[in-house]
Structures are given as C-alpha cells and as structure tokens.
Amino acid sequence: MTRRHVIAALVCAAIEITPELALAQKEVVQQAIAEFTTAIAGTFGDEGTLIGPTLDRMSAGLAAWDQAIQTFEARVVSESPSAPPRAAAQLHTDLGKMYAERGRLDAAVREFDAASRLNPSDPVSAYYAFHLAEKNGHDTAAQRARLTMAAAYQRVLGEGGAAKAKSSAFPIVSGADGDLPLAFPPALYARGYARLARGEHADAIAEFRRAASTDPLVVDPAARSSTMRQAASLLRRGHLAEARTILESTGTWRESAEARRILGLTYWAAGQHDKSIELFTSAIRDNEEDERSRVALARVLNARGLQADAQQALHDTIARFPDSALAHWWLGSAYADMNRLVDARHEFERASSAAITGRSQLHVTIGRLAADAGDFAAAAAAFEDAVAANPNDAAAHKLLAGVLLQQDEADASFVELVAAVLIDPLDAGAHIGIGQIHLNAGRDHEAVASLRRALELSPNDLEARYALATALMRVGDRQDAARELDRVELVQRQALSDRRRTMSYDVLKEEATLRAAEGHVETAIVLLEKAAALGVDPSVYRQLADLYEKAGRLDHAARARAMYERTRQQTPRGGATAR
C-alpha cells in the first residue's frame, strides 16, 4: 500500500464519508441555487440585495460538497482493490452517483462501467455501461450490458404484482427537476446557468457575480431604496393598490426604469394592461438593456389581444439579446398556437440550453415536434436530453425507445424500455414494446412472457393481444393462440358496439336539446329517456330531472336526480357508466 493510500485510509477511518454526507452538501448548494433563481426573476423589485448572500452560500456549500466527494474518492481508491467484488462495485456505484449529482457525467459513466464489470447483475450500472460502449463502438461490452438488462427484466417479470414503482431507480443527476415547472433565467445570467448544467459550479458562480455587477435589479439605486422595500413587502402580501400608491407617491418611478418596471407589473396584475404597456415601454426607452421589461411587455401585449405586436416585441428582444431564452420560449409558444410547428420547435431548441427547471419536459416537447416532422435523429437527440435531465422519467425512456426503433436500433430501444420498467414495473406500454422487440427478433418465448404481463396490466390492449396470439402460434401453442384471437374479435365487437351506442346517445341528446328549446318538453323527455337507457353518461339524468320539473312531474324529477347521483358515483373517471 502506498503512502497516499495509507493517508486516505486513515482519513476515512477518522471520518466515515458516505454518499449521504455528500448528498447533504449538495442540498445546501441546490437550496442556494433555488433562492438565487427566485431572486434574479425580480418579481417584486427588492431581490437585488439577496443575490450576493445567496452566491456566498453557494460557494461555501460547493467547497464542502467537493471536499466530501474528494474524500470519498480516496476511500474508493483505498478500499475497492481489496474489497469483495459486490462491495467494490457498490463503492464505484456510489461514487458514480456522486459524480452524476455533481454534474460530472463522463466521470459518473466511467464509475458505473467499473461497477458493471465488478457486479454484472446491477442493471443501473449496466444501463450506463451500455451507452458508454455504444458511444465508443465496443460491441462486446454493449451486448454484455444488454444481457444484464435482460436478466434484470426477467427478475421484474418474476416478481409479478409484487414489483413496485421506484421514483429514483436511477441516480438523480445535477439539476434534475422532476415535475418542477419550466423556468428560464434572464439572458444576463444564461452563461452561468449553462456552466451549472455542465457541472462547472465554481465557474458558474463567477459568471453570476459578473452578471450581477451590471444587473439593474442590483445596481439601480431605486431597487435598494426603502420605498422599493415597502412596496415589495406589500406586493408579496397581494396588496397591489397599496404598493402602487407607495411607488407613485414618492416619484421614484419617474427617475428609475427599474421602479417603472415594478409599477408596470402591479398594473398588469390588476388587469390595467394599457397603463402597464405604457410603463414597460417607458422603462425600455430609458434602459434598452432591460430584458425583463421587454419580455413583460410582450406578455402584456399578448394578454391585451395584440398578438402581432407581442411577437414583434419578442423579435426586438431577441435582436437585442440573442440568448434570451425567455423570449425564444414565448415566441415558440406563440408559433405553436399558430400551428407553425417547425418554427416553434426551432425557438424551443434555442431556449432549451438555458432552462433552469422543467428541462426534461421541454426536451420531450422538442422531441415530439421533431418526430411529427419525421426527423427521427433530432427526435432521438431531444429524448436523450430529456432522459439525461431526468433519468427517472419512464415516459421519456419510452419515447426514446420508440424513435430508436424507428432507426432500427432494437438493442438500444430494448435497453430504454427495460429502464422504463425498472422505474415503473406496472407500465403496460413498456412491456408491450419489449414483447414486440422480442417478437421481431424471433425470441418468441420471451415475447410470450412480456406480452402476457402487459395484458395482465392492460387487458383491453388489442395490439398486445394480437402480438401475443402471433407469439403463441410461433411457439406451437395453437389452442391458446386461437383463444387470444377470439378475445381480439370480442374486444373489437364490443368497441364497435360502444361506438354505435355513443353515436346514438349523441343524436338523441342533441335532438332532445332542440325539442326542449322549441318548447316541446314532453318530446324532449321521451328522447332523453331513450338516451339514459343507453348508459353512456350520467349527466343525462340531471338534464332529465330539469325537464321533469318543467313538466310538473316532481316525483320523476326526484328519482332522476337520485339516479344521477348514484350513477355518477359508479362511473369511473373518464369512463362510461359501470353496468
């Protein structure tokens, strides 16, 4: 053992550095980032004083986080050579998770690859090892990782109904945002957030400090005034009129573009769009570098119904700030509303690199638009970004699997679908996809197992049942195959019957509405009674009760209302009446 290893062992013995300790330090940094992100939005106008302290906390937390990782690195170097293979694999996996949380993805993948070699049965390590091997053209290593994923899938099938969903089956990467809403920084801070996304936290903090040194939220004297503090306090409590009175009474807004921006926000929140537009326009005239006012102006113009003016304001913002993710996002949204989907996708792509939260869903949106346009390579790239942003999003794994299959990358598609099953073993769609891949590859017995599980979870899926019948025929089980085909025909007949019933219901209900409007209440009642007998929608009983009351048939009305309540409680959400 080298002197370096001896020192590392002594350190680890004195202070047992665990993944949990590094996680605690990470949470300190992420909390500071969240507070900083809230501050730079400038929603209330007094947040500039918070920016410096949050950056200081970010720096201190980062130093402690890096120290925890470095100490654990030393522990891995010291302990893994002499540890049993599974224990050594766990050390590398834990270090890989630390790297992933820190944003050092290449280093994380290397650790997962090492873990996969030591413990070939670990599917998470195998997932990352597969992608590393694919990237580097190592076919043998990729197939080894694929077989590990296949074995993990068989274990899930063996668990049956006992398998449970895992919200964190995969390591949570740096900045993973789960279900957080989409958020973008001002362009002034975009470079810092881009560095954060790459795990370059120290450089990001330096960028943030440089940006803050010219931010009106920080440097405008009005933003630090007692007037602004009082107004901001009132705004946070929802007292718009009082905040507006304070801002206007002191005359601060005449001297400060930043004060006019906040005053414009108060008028916007009060629904006084014209006054808000006037104030934002004035703020921009005095400070052409005011991106916040520019984007706010575009949004108020849109709310006012002036869509063309709103789009022009966004184009003007982008001309001044080419990296304005906020402007690109809102312009893309406007294009999507106009069904200009190619233009919308391009604007979303320009915004995506700067997203603070909601990145996974933004990349999914981009991927869907690319796939709809037939650009499967671009769709795959977008869905890969979605998975990278949130590895525990089963839907993103499935979307990626779909476009990979379109490009004849069956093994990669299989790996993504198994990843989806590891996250949610009850995902029928993932089991169906795996079954289809097995079927296409001639692995018919495996296809039968996957498709049977899919149908346990989703009995009415015709695609899965027909594929199961095909697989059963191939393995020589003609009797079961015939039964599955009979079930396909039965479900198809039922679906056709349901469609006819729904169409008849719609016709009867529409005719009843017309007759009631003409004053022919008894005729309308007869039509609605026929519609109710079809059992499509319990709301028909409520309408029937109203007509009974109009006709003076109060007992019938009471029975119809009771029937409405009973059938409504028996009706599954989004489904027809339980019968």
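What volume does the second largest pocket have? In this predicted model, the answer is about 650 Å³. The close-ups below start there and then move on.

**View 1. The second largest pocket and its lining.** Zoom in on this pocket and you'll find 23 residues lining it. Nearest its centre sit Ala41, Thr43, Phe184, Arg299 and Leu326. Helix 2 (19-40), helix 14 (257-269), helix 16 (291-303) and helix 18 (325-337) each give two or more residues to this lining. Sort the lining by class and you get 16 nonpolar, 4 polar and 3 charged residues.

**View 2. The largest pocket, with a volume of about 1100 Å³.** Here 36 residues form the lining, and Leu105, Glu384, Asp385, Val387 and Ala388 are the closest to the centre. The lining of the largest pocket splits into 19 nonpolar, 7 polar and 10 charged residues.

**View 3. Helix 27 meets helix 28.** Now look at residues 478-517 (helix 27) and residues 521-533 (helix 28): their axes come within 8 Å and cross at roughly 165°. An angle over 145 degrees counts as roughly antiparallel, so that's how these two helices run relative to each other. Their crossing is left-handed.

**View 4. Who touches whom between helix 27 and helix 28.** On the helix 27 side, the contact includes Tyr505, Leu508 and Arg515. Helix 28 answers with residues including Thr523, Leu527 and Lys530. Taken together, the residues of this contact are 8 nonpolar, 1 polar and 4 charged.

Terms used: Residues are numbered from 1 along each chain as its sequence is written. This is a predicted model: local features need pLDDT of at least 70, side-chain atom pairs count only at pLDDT 80 or more; totals for chains, interfaces and linings use all residues. Side-chain values use heavy atoms; hydrogens and water are left out. Axes are lines fitted to C-alpha atoms, for helices over the stretch in contact, and angles run from 0 to 180 degrees between N-to-C directions. Helices (H or I, at least four residues) and strands (E, at least two) are DSSP runs, numbered from the N terminus. Angles under 35 degrees count as roughly parallel, over 145 as roughly antiparallel, 65 to 115 as roughly perpendicular and the rest as oblique. A crossing is left-handed if the near helix is turned anticlockwise from the far one by less than a right angle, and right-handed if clockwise. Contact means heavy atoms within 4.5 Å. Ala, Val, Leu, Ile, Met, Phe, Trp, Tyr, Cys and Pro count as nonpolar, Asp, Glu, Lys and Arg as charged, and the others, Gly among them, as polar. On a 1 Å grid over the protein atoms alone, a cavity is a set of points where a 1.4 Å probe fits but cannot get out, and a pocket is an open set with protein on both sides within 12 Å along at least five of seven lines; lining residues have an atom within 4 Å of a point. Grid points are joined across faces, edges and corners, and a volume is the space filled by probe spheres set on the points.
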